[in-house]
There are 4 protein chains.
Amino acid sequence: MMIEPEAAPEWKIAQWLNTRMPLSVDALRGKVILAIAFQMLCPGCVSQGLPQAQRARAAFSPDDLAVIGLHTVFEHHAAMMPVSLEAFLHEYRIGFPVGVDQPDGSGGPPLTMRAYEMRGTPTTLLIDRQGRLRTHAFGHLPDLQLGAELATLIGEPPLGSTRPSGEPGSVCTPEGCS
Amino acid sequence: MMIEPEAAPEWKIAQWLNTRMPLSVDALRGKVILAIAFQMLCPGCVSQGLPQAQRARAAFSPDDLAVIGLHTVFEHHAAMMPVSLEAFLHEYRIGFPVGVDQPDGSGGPPLTMRAYEMRGTPTTLLIDRQGRLRTHAFGHLPDLQLGAELATLIGEPPLGSTRPSGEPGSVCTPEGCS
Amino acid sequence: MMIEPEAAPEWKIAQWLNTRMPLSVDALRGKVILAIAFQMLCPGCVSQGLPQAQRARAAFSPDDLAVIGLHTVFEHHAAMMPVSLEAFLHEYRIGFPVGVDQPDGSGGPPLTMRAYEMRGTPTTLLIDRQGRLRTHAFGHLPDLQLGAELATLIGEPPLGSTRPSGEPGSVCTPEGCS
Amino acid sequence: MMIEPEAAPEWKIAQWLNTRMPLSVDALRGKVILAIAFQMLCPGCVSQGLPQAQRARAAFSPDDLAVIGLHTVFEHHAAMMPVSLEAFLHEYRIGFPVGVDQPDGSGGPPLTMRAYEMRGTPTTLLIDRQGRLRTHAFGHLPDLQLGAELATLIGEPPLGSTRPSGEPGSVCTPEGCS
């Protein structure tokens with residue numbers, strides 16, 4: 001018996017930056033999605049996760065791959081408000097769409113982070129052309145592996161099978177960044 | 001005729017972090033000072049200027065060298081308020097004292113930045129044991145050169161002579177970061 | 001009309017290291033081949049091409065991918081004799097099979113290098129499961145792109161189509177290294 | 001009681017490269033000497049020790065600092081003969097004088113390596129203006145520390161005092177490279 005990959009939970013987004021219209025897993029169906037969950041003050045996100053997402057965006061056709069940021073703030077909320085995020089994206093020249101993960105209203109992890117049961121930031125999510133979550137990695141993958149997984153998903157027409165992956169690098173959890 | 005190094009202008013600080021009592025050029029007389037002017041959302045400060053200041057702090061005795069940060073915000077003011085700076089220092093494990101440069105009240109460069117006529121961030125300042133500004137570099141110096149300049153200043157008992165220096169790396173100016 | 005990828009020319013090897021039996025394009029049919037042509041005294045090979053080949057070897061199954069080195073000496077012949085190459089492979093912990101490209105007998109580029117019309121070192125060659133040359137790049141590819149190309153070739157059962165590629169990094173030509 | 005720094009043992013050199021006339025500790029008296037002992041097939045020498053020596057050579061005046069390489073081959077002798085070393089220096093664009101440490105005639109560590117009781121390569125030696133060995137470090141020093149030590153020695157007119165130092169990086173010993 002094989003475990004079928006599950007549908008990727010829909011994102012809960014309070015506000016989008018770098019895009020005129022809201023995006024969703026459903027609306028992007030047909031493309032492969034690389035979603036990078038990050039916090040603007042997470043060192044491993046700044047030095048590794050986000051630059052990798054920018055490289056991936058440059059390496060594949062936008063017809064095949066959508067690169068999306070999810071700003072999943074679970075600590076220092078007041079320090080990373082949208083006004084700060086906006087300046088951050090500007091200074092670091094991050095051009096892909098970024099959704100601000102919907103706060104839970106009581107200072108805990110935001111809603112998308114909860115729906116995906118993320119352990120911290122950065123988290124790398126790969127969603128296939130059918131909207132199914134195929135890779136969920138805490139940290140970032142080596143470039144060789146990410147390139148291979150993206151090419152495999154891009155090459156798939158209809159149905160595929162799950163391939164788990166992920167080796168954390170420098171990451172943040174609710175216990176702090178390491 | 002030789003140009004005498006000038007007294008370093010006193011810093012104008014709205015608020016200190018990472019120190020119980022306010023610091024000043026005058027109060028630190030007797031030690032060499034490495035002051036790094038930065039903005040928390042300036043990529044070159046995060047990747048180069050601040051890590052170098054941390055290395056310098058680890059390489060020399062605190063009896064000889066005081067390492068100080070100056071948060072000289074001249075753009076995106078609302079994005080880099082003290083609450084954000086505080087979280088930034090925590091996440092990047094920056095332990096040296098940081099002074100928030102006093103805003104000018106009308107959205108321009110803050111007062112210390114003006115007094116030193118800084119061109120942008122990061123800016124590296126070396127102040128000798130007598131409180132005189134000896135190096136003023138836009139960007140960061142190569143480690144070999146910084147080590148050499150600090151050792152020279154630390155080795156000076158009384159009077160010394162100016163040695164200008166500085167080669168910018170990745171920096172921010174009012175026109176943007178490069 | 002589409003240009004069919006050509007059969008990869010057979011290697012002409014004077015001596016193999018790191019393998020008990022000689023290897024050939026033909027004998028490896030059924031696997032994807034990553035062949036890295038290098039010189040042990042080419043800086044770009046040492047800092048980039050060879051480490052990337054080692055990463056690729058670790059990232060994919062040996063049932064799918066064969067990683068091969070080709071020592072294509074076209075300058076300083078006396079400096080890079082097999083006795084030196086052997087020590088080099090030992091010190092740099094390069095474990096994959098390396099073939100010494102057959103000298104031409106008159107001090108020019110060796111025979112395999114000529115057969116592939118290589119411009120210098122490193123050169124990256126990707127050969128598909130059917131023994132056809134699919135990528136021929138002077139320099140090394142970005143990891144993301146190499147990972148994607150390897151996954152695509154690995155995923156192919158029978159026939160495929162050419163995808164050219166390649167952006168040189170730090171490389172050596174008969175005019176010198178840059 | 002203070003331990004006086006000792007006179008640096010004279011080098012025993014079989015052959016010099018990159019210089020028209022032989023060099024010696026004695027002949028260089030009056031300058032500070034940075035001598036880097038290396039092997040051309042030692043990975044840590046290639047990636048760290050030698051580039052640092054090149055940076056130091058660029059950062060200080062040749063009137064103050066002489067940068068010298070010592071090729072101290074203690075393993076794979078046949079692989080690192082002068083003909084190979086010469087090509088290595090050419091390809092890596094190493095322009096400072098390099099002395100080939102005199103073999104002992106029976107395959108053991110060469111004579112200069114023995115005289116200095118070096119543990120492996122790279123080894124960093126700092127010799128003051130009076131020809132005294134002031135720093136002997138297995139591996140390479142951080143740039144900040146090397147810059148500081150060099151500036152201190154350059155700033156000394158007559159007599160000084162010992163300051164030991166050294167933290168190994170990636171190094172080779174007779175047991176192998178790590």
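## Contacts and make-up of chain A

Among contacts in chain A between residues at least 6 apart in sequence, 76% join residues at least 24 apart. Two residues are in contact if their C-beta atoms, placed from the backbone, lie within 7 Å. The model is predicted: local features need pLDDT of at least 70, side-chain atom pairs count only at pLDDT 80 or more, and totals for chains, interfaces and linings use all residues. Residues are numbered from 1 along each chain as its sequence is written, while chains are lettered from A and ligands numbered from 1 in the order in which they are written.

Chain A has four helices and eight strands. Helices (H or I, at least four residues) and strands (E, at least two) are DSSP runs, numbered from the N terminus. Along the sequence the pattern is β-β-α-β-α-β-α-β-β-α-β-β. Chain A has 178 residues, of which 49% count as buried. A residue is buried if 20 or more other C-beta atoms lie within 10 Å of its own, exposed if 12 or fewer, and partly exposed in between, with C-beta atoms placed from the backbone.

## The sheet of chain A

Six strands of chain A form an open sheet with mixed pairing, in the order S1-S4-S3-S2-S5-S6. Two strands pair if DSSP finds at least two bridges between them. Strand S1 (13–17) and strand S6 (133–138) of chain A are the edge strands, each pairing on one side only. Direction ignored, neighbouring strands of this sheet are turned by 20 degrees against each other on average. Axes are lines fitted to C-alpha atoms, for helices over the stretch in contact, and angles run from 0 to 180 degrees between N-to-C directions.

S1(A) runs antiparallel to strand S4 (residues 98–101) of chain A, and four bridges join them. Leu17(A) has Val98(A) as its bridge partner in S4(A). Two helices cover strands of chain A. H2(A) lies across S1, strand S3 (65–71) and S4 of chain A, at about 30 degrees to S1(A). Helix H4 (residues 143–155) of chain A packs on the sheet and touches strand S2 (32–38), S3, strand S5 (123–127) and S6 of chain A. The direction of H4(A) makes about 145 degrees with that of S2(A).

## Strand S4 in chain B

Both faces of strand S4 (residues 98–101) of chain B are covered. Val98(B) and Val100(B) lie on one side, Gly99(B) and Asp101(B) on the other, and all are buried. In a regular strand the side chains alternate between the two faces of the sheet.

S4(B) has two partners described here. Strand S1 (residues 13–17) of chain B runs antiparallel to S4(B), with four bridges. Strand S3 (residues 65–71) of chain B runs parallel to S4(B), with three bridges. Gly99(B) stands opposite Trp16(B), and Gly99(B) is also the bridge partner of Leu70(B). S3(B), helix H2 (residues 82–91) of chain B and S4(B) make a right-handed β-α-β unit. A crossover is right-handed if, with the strands pointing away from the viewer, the path from the first strand over the helix to the second runs clockwise.

## Chain A against chain B

Chains A and B each give 15 residues to their contact. Helix H1 (43–59) and helix H2 (82–91) of chain A are the elements that give two or more residues to chain A's side. H2(A) gives the most, with six residues. By class, this side has 11 nonpolar, two polar and two charged residues. Ala, Val, Leu, Ile, Met, Phe, Trp, Tyr, Cys and Pro count as nonpolar, Asp, Glu, Lys and Arg as charged, and the others, Gly among them, as polar.

A rotation of 180 degrees with 0.0 Å of shift along its axis superposes chain A on chain B, with RMSD 0.0 Å. The two copies are therefore related as by a two-fold rotation axis. Copies are superposed by least squares on the C-alpha atoms of residues with pLDDT of at least 70 in both. The same surface serves both copies, as 100% of the contact residues of chain A recur in chain B.

## Chain C against chain A

This contact takes 14 residues from chain C and 14 residues from chain A. On chain C's side, helix H1 (43–59) and helix H4 (143–155) of chain C give two or more residues. H4(C) has the largest share, 10 residues. The side of chain C divides into eight nonpolar, four polar and two charged residues.

## Arg119 in chain D

Arg119(D) lies in the loop between helix H3 (111–115) and strand S5 (123–127) of chain D. Arg119(D) counts as partly exposed because it has 15 C-beta neighbours inside 10 Å. Not counting residues up to four places away in sequence, Arg119(D) touches Phe138(D) and Thr173(D).
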